[in-house]
Amino acid sequence: MEKPSFPVAVIMQRRLSSNRWQAEIWEPYGVLSGHTGGGGPSLLVDREGLQQWLYPGFALLLHRDEAEGYYLNVSTDSPRVFVLWRMDGERGVPLDVTVSYNEGGRWLDGGQSVDSVAMPREVFAWVGEYVEQNYRPEPKKRIKPRSFMHPKDRAAR
């Protein structure tokens, strides 16, 4: 069974820093939805102290076992796309993208460089529809605190 996918491109930004220990900062700047172009990175912006590079050819893939992570993301006030990236020589290079809070968290826990950018509206609509069709939060069973029990019932526990 083929997994739902949505083509995107990642924009990486290099900006000069006033920090004496770090001359420049690389970071994901944004994600362009529906960008299917292939090929290598291309320079979008090059001006004093700022460069932005477009990295095409990424796809957001939706996995059934990540549905809770998608739900957690689209149910927030600020849905995000998580970008896994690394330094390759002198340039910040994106490696993967996800819209799952849980997967982004696992990447961070694994010591990877992960940053988030605003989720484009088209991606939000696509992920939201997937969540509505494939995810139902599990009902939480409330456990009554021991202090609410009758003293003779507390001993039985």
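How many helices and strands make up the secondary structure of the protein? There are four helices and seven strands, where helices are DSSP runs of H or I with at least four residues and strands are E runs of at least two, numbered from the N terminus. Please keep in mind that this is a predicted model, in which local features need pLDDT of at least 70, side-chain atom pairs count only at pLDDT 80 or more, and totals for chains, interfaces and linings use all residues. Residues are numbered from 1 along each chain as its sequence is written, and side-chain values use heavy atoms, with hydrogens and water left out.

The C-alpha atoms fill a box of roughly 75 × 45 × 25 Å along the principal axes. The radius of gyration is 21 Å, whereas a compact globule of 157 residues would have one near 15 Å; this value is taken over C-alpha atoms, and the globule rule is 2.2 Å times the number of residues to the power 0.38.

Setting aside neighbours within four places in sequence, V127 is in contact (heavy atoms within 4.5 Å) with Y70, V74 and V99.
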